[in-house]
Amino acid sequence: MINRAPLQLLSLLLALAHTTNAMMDPLAEPEILTAENYVEKTAGKTIFVKFFSPKCEHCVTMAPIWEGLAKQYGKKRHGMIAAVDCSGEGRELCVKNKITNMPAVLWGDPDNLEPYTGGPEFEELYRFARRNLKPFCSANPDRQHLCTAEQNATIAEYEEMLHNGTLDREIMEKEDEIEAARDFFTVEATKLNDLANELHDRKTAVFDPEIMKIMKSVQGYHRYKTVFAKYGLDFETGRPLESDTVVRGEEVVSLDDDDAAPKKEDEEPSRGDEL
């Protein structure tokens with residue numbers, strides 16, 4: 001079995017070498033979160049967290065990339081690269097966040113994490129962290145100072161709905177609308193894709209592209225052969241032609257044939273003939 005760990009480490013080191021947007025902190029490590037330290041560690045931060053198990057093969061593969069991400073991102077006041085061990089002390093957090101497949105990567109407000117939908121490559125993870133791990137408005141008291149007056153008014157409105165018992169229903173309705181819109185998009189995108197395939201087939205049916213290639217190859221071969229002949233060269237070998245040739249238009253004519261030899265116009269009689 002091939003050991004891919006050295007190749008993965010090499011890939012990570014090359015990626016780090018080409019990343020110059022920030023100074024790397026060699027001492028930084030992913031913050032290990034548990035149910036006991038979660039509130040304290042994540043207070044006021046936007047987090048990027050990986051849920052894993054040491055027994056998961058894909059988790060082991062991703063481990064050096066995630067560790068490199070933590071070192072490159074470093075320690076920030078408003079952002080954090082974290083990890084949760086679902087087979088250890090982080091099991092409660094994994095249940096709370098409904099983690100079923102690992103590794104799973106979530107991000108955002110610690111009280112309302114969202115799935116990360118980007119790629120697993122180091123460059124993409126790092127780019128995402130730099131762009132998104134920033135302070136933002138939230139109902140969390142630690143973040144409300146980041147909200148505008150309008151946003152705080154909206155938060156107060158939803159808190160009132162929560163107390164009235166209508167917020168859950170409102171969220172479900174909006175989620176249903178989002179799901180319906182997503183399904184509609186999928187259906188319509190499929191129709192567009194089918195239409196594109198149909199139009200492509202119609203275009204191909206007009207004339208087979210492969211036949212056109214053959215036609216042009218015949219045309220091109222003849223043209224190149226004519227050019228070579230103009231310079232007295234054989235197209236196949238590049239050597240001088242054995243017989244003298246001339247090119248009339250695009251036709252190669254051998255001068256060995258009597259009929260092909262150009263005839264001279266009426267010559268003046270020699271002085272002897274005149275006599």
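**Disulfides and salt bridges**

1. The S-S bond of Cys 86 and Cys 94 has a torsion of about -85°, so this disulfide is left-handed. The sulfur atoms of Cys 86 and Cys 94 are 1.9 Å apart, a disulfide being defined as a pair of cysteine sulfur atoms within 2.5 Å. Cys 86 is buried at a relative accessible area of 10%, and Cys 94 is likewise buried, at 5%. Here buried stands for under 20% relative accessible area, exposed for over 50%, and partly exposed for values in between (1.4 Å probe, protein chains only).

2. The model is a predicted one, in which local features need pLDDT of at least 70 and side-chain atom pairs count only at pLDDT 80 or more, while totals for chains, interfaces and linings use all residues. Residues are numbered from 1 along each chain as its sequence is written, and side-chain values use heavy atoms, with hydrogens and water left out.

3. How many disulfides does a search of the whole structure find? The search returns two. Besides the pair described in point 1, a disulfide joins Cys 137 to Cys 147, with an S to S distance of 2.0 Å. Cys 137 and Cys 147 both lie in the loop between α5 (122-132) and α6 (149-164), so the bond ties together parts that are 10 residues apart in sequence. Helices (H or I, at least four residues) and strands (E, at least two) are DSSP runs, numbered from the N terminus.

4. Is the disulfide of Cys 137 and Cys 147 left-handed or right-handed? The torsion about its S-S bond is about 95°, so it is right-handed. Cys 137 is partly exposed, with a relative accessible area of 22%, whereas Cys 147 is buried at 11%.

5. With bonded cysteines counted along the chain, the disulfides follow the pattern 1-2, 3-4. Two further cysteines may be noted for their accessibility. Cys 56 is buried, with a relative accessible area of 13%, and Cys 59 is buried at 3%.

6. Turning to charged pairs, the count of salt bridges is eight, where a salt bridge is a side-chain nitrogen of Lys or Arg within 4 Å of a carboxyl oxygen of Asp or Glu. One of them is formed by Lys 41 and Glu 31, with an N to O distance of 3.1 Å. Lys 41 belongs to helix α2 (residues 38-42) and Glu 31 to strand β1 (residues 31-32), so the pair ties together parts that are 10 residues apart in sequence.

7. Helix α7 (residues 167-206) holds Glu 177 and Lys 174, which are three residues apart and separated by about one helical turn. The closest N and O atoms of their salt bridge are 3.9 Å apart. Glu 177 is partly exposed at 48% relative accessible area, and Lys 174 is partly exposed at 42%.

8. A further salt bridge in question is that of Glu 188 and Lys 191, whose closest N and O atoms are 3.4 Å apart. Glu 188 and Lys 191 are three residues apart in helix α7, with about one helical turn between them. Glu 188 counts as partly exposed, at 28% relative accessibility.
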